[in-house]
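Open the model in your viewer and colour it by chain. The stops below say what to select next and what is there.

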Amino acid sequence: MSLTPEQVQQVAHLARLELNAEMVPTYAQQISNILAMVDQLSAADTQGVSPMAHPLGLTQRLRPDVVTEPNRREAYQAHAPAVEDGLFLVPKVIE
Amino acid sequence: MHTLSLNELAAGLKARKFSSRELTQHYLTRIAERDGALNSYVTVTPEIALAQADAADARLARGEAGALTGIPLAQKDIFCTEGVRTACGSKMLDKFIAPYDATIVKKLHAEAGMPLLGKLNMDEFAMGSSNETSFYGPVKNPWDLGRVPGGSSGGSVACVAAGLAPVATATDTGGSIRQPAAFTNLTGIKPTYGRVSRYGMIAFASSLDQAGVVARSAEDAALVLQAMSGFDPLDSTSLERPVDDLVAGLGASIKGLKIGLPKEYFADGMSAAVRAGVESAIAQLKTLGVEFREISLPNAPLSVPTYYVVAPAEASSNLARFDGVRYGHRSVEARNLEELYKKSRGEGFGAEVQRRIMIGTYVLSHGYYDAYYLQAQKVRKLIYEDFKRAYTEVDLILAPSTTDVAFPFGDKSDDPVAMYLNDIYTIAANLAGIPAMSLPCGFSEGLPVGFQLMGNYFDEGRLLNVAHQFQLATDFHRATPKGF
């Protein structure tokens, strides 16, 4: 499997990454090489094998639905790029 | 003082030969004088270190000291430290001051009483095997400044090997503790998945990431791993299982222990230097009464391709949180929300992280999910079953840690596949979630060689004891690099 520069741009769009245009051909070549290495997996016989999500087969613990965290909004917003009145600011979404 | 073991340091503190403040200041001075050549620290925290040292001295004076109280430690910069920058090797988090402590930070500093010397350099978001992907520049290997220290825990190993910290934390997603430990003559252990809390450890690939320690001996590693381990309700994958007494277990005889040698790991692929070192380690362990037998892990050769689907897939999901909105780098060029995401991420992430995000996005995308991600998770199950079968025949598994000694800067940095294949011996343990460690077994032209021990689930204690018995009979681990 190899990726063209256009396909790399499409994947970057899906990942919300703006690539440096000069890097796109390099990325296409490198990612194609990586996918070629990964293609070894297609030869493995996995018929009847169930996919593994957790090494110990554990499932997520549940906890009682009670409030345990104190409100630390100011501390958590102290490093935000832009806030106002306790809200995170982003560029205008709806015209 | 910087050549003493942790037990010797603890004895010196308890006997008042030196105070924690004096010991901590000794390391701070060494860092100031010598780290310029290595770049192992990205942030030094002298005020915190000395305040914590004073608190430790007060605990020592009250007779309330634990095994590690007063002995300084440095943290890989992947662990959140409240009030201290936690950058994870990335421009994305260059200005991020963590608003809370990771569980292991609480355990090691507040509870065990170890002063925090600073935060250690690493590959960006722990993605790398050479520490060349760090936003803060590469770390140098103290054994040869022209060579890499390994990665991603490059700062952790360089500072401990050079005596700029007595011991350090590290993390291991595909070998990031064991490969750098092997490159710098250290003992490094990655415990069973879930043994050490991941709360406050910046996520790379959540089903593989595990914190551990790099130290100058198995005994030192056991002391710190003991203090880090245990159930944590704040980590949803933390093991609800009591931790063995790792330190008390260090005296047991290893006579009659059965260790497997997987034939797939001893095929072509390792250098003559590594082969000689590993074979001498096997011979040494035989004299201690260990029995060896050949075993097979037939799917182990597929661990690198499996990892380079699973890990990027998880990384692309985990790193979606860096969007320029709540924290981290924000582009000033953006005119709308989509540009805000794209430009912030494009500017904030380096090339290796971008590559892995794109691979992860690709293998999870519609039409490719079954062929790549699902197939990789199935092969992962086969790799896991290989280990399960092997541990019905043997107690532990021995293998090389790396294919060769530390390589020169730039050697593999333009060829991701060559860089990835460097981790061929370490990745399977992460995919299976078993504990594994690397320890020194020789030198080749002045460069350290390590070997790897892999254990069954929860068997950290036995791993550390075998390593300790090996180190009682050898002195490779005592060698230190010239000039430090």
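Start by selecting Val90(A), Val93(A) and Ile94(A): together they make a nonpolar surface patch with about 290 Å² of accessible area. Accessible areas come from the Shrake-Rupley method with a 1.4 Å probe, and for residues only the protein chains shown count as cover. A patch takes residues with over 30% relative accessible area and no salt bridge; nonpolar side chains (Val, Leu, Ile, Met, Phe, Trp, Tyr) are joined within 5 Å, like charges within 9 Å.

This is a predicted model, where local features need pLDDT of at least 70 and side-chain atom pairs count only at pLDDT 80 or more, while totals for chains, interfaces and linings use all residues. Residues are numbered from 1 along each chain as its sequence is written, chains are lettered from A and ligands numbered from 1 in the order in which they are written, and side-chain values use heavy atoms, with hydrogens and water left out.

Keep Val93(A) selected. Val93(A) counts as exposed because its relative accessibility is 56% (exposed is over 50%, buried under 20%, partly exposed in between, with a 1.4 Å probe and protein chains only).

Next, show both chains. Chain A and chain B bury about 5,200 Å² between them, 68% of it on carbon and sulfur atoms (buried area is the accessible area, 1.4 Å probe, that two parts lose on being put together, summed over both). Select Leu41(A), Met52(A) and Arg61(A), which supply 15% of the area that chain A buries against chain B, more than any other three residues.

Last, select Arg72(A) and Glu82(B): they form a salt bridge, with the closest N and O atoms 3.7 Å apart. The count between chain A and chain B is two salt bridges (a side-chain nitrogen of Lys or Arg within 4 Å of a carboxyl oxygen of Asp or Glu).
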